[in-house]
Amino acid sequence: MASVGLQGRSIAITGASSGIGLATAIACAHAGMNVVLAARREEKLRTAVERIRGLGGHAEMLVMDVTAAGENQRLIDFTRATFGSLFAVFSNAGYGIERPVLRYTDSELDRIFKTNFWSSLELMQLSASHMLANNPGPIRGHVIACSSCVSKIGLPGFAAYSATKALQDHFGRAMRAELDAQGVCVSTVHPIGTRTEFFDTVAGLSGGKRVSIQAPERLKQPAEVVAHAIVKRLRKSHGAEVWTSLPMRIALAGATLFPGLTDALLRRRQRSIDAGKN
Ligand SMILES: NC(=O)c1ccc[n+]([C@@H]2O[C@H](COP(=O)([O-])OP(=O)(O)OC[C@H]3O[C@@H](n4cnc5c(N)ncnc54)[C@H](OP(=O)(O)O)[C@@H]3O)[C@@H](O)[C@H]2O)c1
């Protein structure tokens, strides 16, 4: 498989003010890419941009809320106007909320699906169309969405989050097949528990008693592991599912193969959480 040169190419990254998005922005800049970092928190973006420039990289920032109308198009236009073209997009902005299914409010569901799925899908559609219309072949660009390992399983306490990640996974796979022959690569990233602000946000939004299965701190990976895997994939001439944990991949394949056993394990774990033993 031919290697794609990244030097001087441009990438736009949502959710780049912290965690996986920030680590990916730094890794892409290190690989010679021009990076646009997008998120809501201006100060965090400014610090990130200064950090990348201090390391000799090329970075600009765009303060935006991915759920606001027109903002994904603004990100594409801004990247093109700033760096001359848009080679890659990492649709990464997202968050989780912990709730039993019977306790979600409509507005909670609306917000998480809008942020994690609808906006991500819009960015994937707009950027792929932009690459087809503006970038010369054979590799016109690469669209990447940050899904999750939980895209493959509806996790108790995390049903809405798991569902948004499954939708990204399904659309990503279909787009990958549809666009490959036209030179647009589409990838989905499936991190396991990663040490970022993600779990603080979950705690802040969820309050109350913990209801879901969570990876112990010692088993969480650093965001840099995910970033490294993304840069590796950007160098390839085809999109793919990007995984950073082989044991998790195998465990999830087992969960699909043995659904009854998976249900039994989830039930047992849930009973123990309900009994306050975790
Ligand atoms: N950490 C994990 O264990 C894990 C595992 C699998 C998948 N993921 C996925 O990885 C992605 C990144 O999460 P993370 O772990 O790096 O957590 P994080 O540190 O909390 O990063 C989330 C990013 O999303 C941005 N964001 C959230 N809502 C936004 C909105 N409406 N508009 C614009 N930006 C928004 C936040 O920026 P602002 O607040 O500045 O806007 C922040 O930069 C998410 O899609 C998450 O689902 C995480």
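Which residues of strand 1 lie on one side and which on the other, and are they buried or exposed? I looked this up before anything else. Ser10, Ala12 and Thr14 sit on one side, Ile11 and Ile13 on the other, and all are buried. By "buried" I mean under 20% relative accessible area, with exposed as over 50% and partly exposed in between (1.4 Å probe, protein chains only). Helices (H or I, at least four residues) and strands (E, at least two) are DSSP runs, numbered from the N terminus.

Ground rules for this notebook. I am working on a predicted model, where local features need pLDDT of at least 70 and side-chain atom pairs count only at pLDDT 80 or more, while totals for chains, interfaces and linings use all residues. Residues are numbered from 1 along each chain as its sequence is written, and side-chain values use heavy atoms, with hydrogens and water left out.

**Entry: strand 1 and its partner**

I checked the burial count for strand 1 (10–14) and got 5 of 5 residues buried. Next I looked for a partner strand: strand 2 (residues 34–39) pairs with strand 1 in the parallel sense over 5 bridges. Two strands pair if DSSP finds at least two bridges between them. I picked out Ile13, whose bridge partner in strand 2 is Leu37.

I moved on to strand 5 (residues 141–146), where 6 of 6 residues are buried. Gly141, Val143 and Ala145 point one way, His142, Ile144 and Cys146 point the other way, and every one of these is buried. Strand 5 pairs with strand 4 in the parallel sense over 4 bridges, and I noted Val143 in strand 5 as the bridge partner of Val89.

Strand 5 also pairs with strand 6, again parallel, over 6 bridges. There I found Ala145 bridged to Thr188 of strand 6. In strand 6 (residues 184–190), 7 of 7 residues are buried. One side carries Val184, Val186, Thr188 and His190, the other Cys185, Ser187 and Val189.

**Entry: Ser91**

What does the side chain of Ser91 pair with in a polar contact? I found Ser120, at 2.8 Å between the two side chains. A polar contact is a pair of N or O atoms within 3.5 Å; within protein, one must be able to donate a hydrogen and the other to accept it, and residues adjacent in sequence count only if both atoms are side-chain atoms. Ser91 belongs to strand 4 (residues 88–91) and is buried, at 4% relative accessible area.

I then listed what Ser91 touches, not counting residues up to four places away in sequence: Thr14, Ser120, Leu123, Ile144, Ala145, Cys146 and Gln168. Contact here means heavy atoms within 4.5 Å. Thr14 is one of the strand 1 residues I had already logged as buried, and Ile144, Ala145 and Cys146 turned up in my strand 5 list.

**Entry: the ligand**

How many residues surround the ligand? I get 29, the closest being Ile20, Arg40, Tyr161, Thr194 and Thr196; a residue is near a molecule if one of its heavy atoms lies within 4 Å of it. The shell divides into 12 nonpolar, 12 polar and 5 charged residues.

For polar atoms, I found a side-chain atom of Thr196 2.6 Å from a ligand oxygen and one of Ser18 2.8 Å from a ligand oxygen. On the nitrogen side, a ligand nitrogen is 2.9 Å from an N or O atom in the Asp65 side chain. The protein covers 95% of the 870 Å² of accessible area that the ligand has on its own (Shrake-Rupley method, 1.4 Å probe; for residues, only the protein chains shown count as cover). Helix 1 (19–30), helix 5 (159–180) and helix 6 (198–206) are the elements giving two or more residues to the shell.

**Entry: Ser18**

I went back to Ser18, which lies in the loop between strand 1 and helix 1. Ser18 is buried, at 16% relative accessible area. Its side chain makes a polar contact with the side chain of Arg41 at 3.3 Å. Beyond four places in sequence, Ser18 touches Arg41 and Glu197.

**Entry: Arg195**

Last stop was Arg195 in strand 7 (residues 194–195), partly exposed at 41%. Its side chain reaches the backbone oxygen of Lys220 at 2.4 Å. The C-alpha atoms of Arg195 and Pro222 are separated by 5.4 Å, although the two are 27 residues apart along the chain.

Note on methods. Ala, Val, Leu, Ile, Met, Phe, Trp, Tyr, Cys and Pro count as nonpolar, Asp, Glu, Lys and Arg as charged, and the others, Gly among them, as polar.
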